[in-house]
Amino acid sequence: MFADYLHKTTKAAPIAVFRILFGILMCASIIRFWSKGWIEQLYIEPKFYFSYYGFEFVKPLGNWTYLLFAICALSALFVALGFRYRISIIVFFLSFTYIELIDKTTYLNHYYFVSILSFLLIFLPAHVYYSIDALKNKKLQVARIPKWCVDALKLVLAIVYIYAGLSKINSDWLLHAQPLKIWLRTRSDFPVIGGILHYSWVHYFFSWFGMLYDVFIVFFLVKKSTRVYAYFVVIAFHVLTRMLFPIGMFPYIMIACTLVFFNAEFHEKIIRLFRKGIVGLGVKKYAKQNKNNGSVYVQNNLKLVQGILIVFFAIQLLLPWRYLSYPGELFWTEEGYRFSWRVMLVEKVGIATFTIIDPDTGREFEIRNNDFLTTVQIKQMSTQPDFILEYAHMLRDHYVKEGIAKPQVYVKCYVTLNGRLSKAFIDPTINLANEKESFAHKKWILPFDGTIKGI
């Protein structure tokens, strides 16, 4: 049956619309990021950058970062146009991912989503319909593509939604409406419904609806009889989320990407709208292209591509469960938390005071974190163990250069999780200068004083 499935085909319009909307939104997102001054603030001004374990070779580029962003934006535009598509999507994937690897302080689920989606698009024939490449090369103009190419995009979206929903099946989210209870109470200025956002029943409604939406929305989008209604819910959900919370372009990206669940005829109507817009701009040659010859796209190196995608999806399905290999409460330790679609589940605030001791003289002194880190970095560092360890190593290396032969680094750190009372987070007797970073459990994280039940 799987062999039969691999030979099924579908019209090429859905993947073309996906490519166009994805490219436009990515280009707009980068321009927005640039216009707000965030390149300077996040990638040039910091004195120190927190690296992802295993990617320490990714270094900041100083003022060359502007060129990197320009390349990323231009490649996104070329992806939308279908111009030199294969090169453009590879350049976009590499440049966007490099930017996100510079400093994990900026980590967001939707940045990770963009990286894996752009990686997937490298292997899909998104340029064979309504693209400049197809305009220039008539052999690319085909009527149909393998059905699995469109289904691969649907599967990525399904993983994101369903895993985000499953992660919400926990006692903090469902039984205590946390952390929504904290956040919604601050939005009394919100138009129309602001006056009721301090009521507990509203917090519970949003919590339960958010979980049910994420778990089940894909199933309603797949089913033809409920697809249109489900998509209106998608729009309403993401627009409201964007208005309530500062989560950037992610809601618009999800609204656009979710269109892939509609049938090919629907996407052909969107293509016709694009054509009318192009004609309005006077570029009639581009508007009239892609009168295909009825052929089916033949994937080069098919077995290699399918092998890569099988590994890709296996990673996406298994990676979110890696937290099960660590002891302790996930929301507290955050070991295995990133890259698992745990969206908006945690409100953590911490304070970390570092002390340097010179073992040769016995001299000790406290560190002013803002001498080394930005405000955003301090906030992230104060609640995440891997940040704390990397910062401790930076302090160690800094004071070695200042003349202390073997500086010892200790931290007193207190964290509050989802409205609980502040508790000690890191063992203050451990010299972090001697601790090594690895994927192993960090035994110097103090145990969580409480219970959060769930997935």
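A pocket, as I use the word, is an open set of grid points with protein on both sides within 12 Å along at least five of seven lines, and its lining residues have an atom within 4 Å of a point. Keep that in mind. One caution as well: this is a predicted model.

Let's start with the second largest pocket. It holds about 1100 Å³ of space. Its lining has 39 residues. Nearest the centre lie Tyr52, Phe55, Leu319, Arg322 and Phe339. Which elements give two or more residues to that lining? Helices H5 (85-102), H6 (109-121), H16 (302-318) and H19 (385-401). By type, the lining divides into 22 nonpolar, eight polar and nine charged residues.

Next, a helix pair. Helix H2, residues 13-35, packs with helix H13, residues 250-257. The angle is about 170°, and the axes are 10 Å apart. So H2 is roughly antiparallel to H13. Who meets whom? From H2 come Phe18, Leu21, Leu25 and Met26; from H13, Tyr252, Ile253, Ala256 and Cys257. The residues of this contact are eight nonpolar, no polar and no charged.

Now the sheet. Four strands form an open sheet, in the order E4-E3-E5-E6, with antiparallel pairing. Which strands stand at the edges? E4 (364-366) and E6 (423-424). Each has a single partner strand, so one side of each is left without a neighbour in the sheet.

Look at E3 and E5. Strand E3, residues 348-357, runs antiparallel to strand E5, residues 408-417, and ten bridges join them. For example, Phe354 has Val411 in E5 as its bridge partner.

Last, back to H19. This helix lies across E3, E4 and E5, at about 25° to E3. H19 also gives residues to the pocket lining.

Terms used: Residues are numbered from 1 along each chain as its sequence is written. This is a predicted model: local features need pLDDT of at least 70, side-chain atom pairs count only at pLDDT 80 or more; totals for chains, interfaces and linings use all residues. Side-chain values use heavy atoms; hydrogens and water are left out. On a 1 Å grid over the protein atoms alone, a cavity is a set of points where a 1.4 Å probe fits but cannot get out, and a pocket is an open set with protein on both sides within 12 Å along at least five of seven lines; lining residues have an atom within 4 Å of a point. Grid points are joined across faces, edges and corners, and a volume is the space filled by probe spheres set on the points. Ala, Val, Leu, Ile, Met, Phe, Trp, Tyr, Cys and Pro count as nonpolar, Asp, Glu, Lys and Arg as charged, and the others, Gly among them, as polar. Axes are lines fitted to C-alpha atoms, for helices over the stretch in contact, and angles run from 0 to 180 degrees between N-to-C directions. Angles under 35 degrees count as roughly parallel, over 145 as roughly antiparallel, 65 to 115 as roughly perpendicular and the rest as oblique. Contact means heavy atoms within 4.5 Å. Two strands pair if DSSP finds at least two bridges between them.
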